[in-house]
Amino acid sequence: MANAVGVAMGSISDWPTMKLACEQLESLGIPYEKHVISAHRMPDELQEFGKTARDKGLKVIIAGAGGAAHLPGMIAANTTLPVIGCPMKTRTLNGVDSLLSIVQMPFGAPVATVSIGEAGAKNAALLAAQIIGVTDPAVAKKLADLKEKQRVEAKNSEQQFD
Ligand SMILES: Nc1c(C(=O)O)ncn1[C@@H]1O[C@H](COP(=O)(O)O)[C@@H](O)[C@H]1O
């Protein structure tokens, strides 16, 4: 099966966070490819990635970047696929810089922005799966099973009251 999700990150230093998105995709059986692509440091590769993404068979792109995080928006500028932006937590500004850079897109190049850091990266994978699940019943079933598992765990957590 062709890779359904393209996971891009601005630097290998984003990998510990973006790895969580990849692991979540794996647990849902969704094939993906991953790349370090920086709008700032690799502008030619970025354009190539965005322009070829749809023809390669990708359905959704997850892009993580930190600081002046232009990567998700610049990928969105180069493709009509849905782009999910993951703001990386940063040492200097705790990721608020990343969040604001990713979320405030002008009309015409939307980026669906998740929360800062690890939970956001994992949710990005779920959101990508939900987009794929619109037309893929097997993925939709896996998502429904995950929700049911979460519900049972949350309900059973009441047993921990002392
Ligand atoms: N935000 C961007 C872009 C981009 O948006 O093109 N390229 C790299 N970066 C970010 O710079 C941070 C520090 O990168 P380094 O650790 O490589 O210096 C990373 O979080 C990366 O996503």
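**Ligand shell and helix packing**

In this predicted model, 16 residues surround the ligand, where near means a C-beta atom, placed from the backbone, within 6 Å of it. The closest are Gly10, Ser11, Ser13, Ala39 and Gly66. Residue numbers start from 1 along each chain, following its sequence as written. Local features need pLDDT of at least 70, side-chain atom pairs count only at pLDDT 80 or more, and totals for chains, interfaces and linings use all residues.

**Confidence**
- The chain averages a pLDDT of 97 (the predictor's confidence in each residue, from 0 to 100).
- At least 70 is the score of 100% of the residues.
- The complex has an ipTM of 0.99 and a pTM of 0.97 from the predictor.

**Ligand shell by class**
- The shell holds six nonpolar, eight polar and two charged residues.
- Ala, Val, Leu, Ile, Met, Phe, Trp, Tyr, Cys and Pro count as nonpolar, Asp, Glu, Lys and Arg as charged, and the others, Gly among them, as polar.

**Helix 1 with helix 5**
- Helix 1 contributes Thr17, Met18, Leu20, Ala21, Gln24 and Leu25, and helix 5 contributes Glu118, Ala121, Lys122, Ala124, Ala125 and Leu126 (contact: C-beta atoms, placed from the backbone, within 7 Å).
- By class, this contact has eight nonpolar, two polar and two charged residues.

**Helix 5 with helix 6**
- Helix 6 covers residues 137-156 and packs on helix 5 at about 135 degrees, axes 7 Å apart.
- Helix 5 and helix 6 are therefore oblique to each other.
- Their crossing is left-handed.
- Ala129, Gln130, Ile132 and Gly133 of helix 5 meet Val139, Ala140 and Leu143 of helix 6.
- That contact has five nonpolar, two polar and no charged residues.

Definitions and conventions. Two residues are in contact if their C-beta atoms, placed from the backbone, lie within 7 Å. Helices (H or I, at least four residues) and strands (E, at least two) are DSSP runs, numbered from the N terminus. Axes are lines fitted to C-alpha atoms, for helices over the stretch in contact, and angles run from 0 to 180 degrees between N-to-C directions. Angles under 35 degrees count as roughly parallel, over 145 as roughly antiparallel, 65 to 115 as roughly perpendicular and the rest as oblique. A crossing is left-handed if the near helix is turned anticlockwise from the far one by less than a right angle, and right-handed if clockwise.
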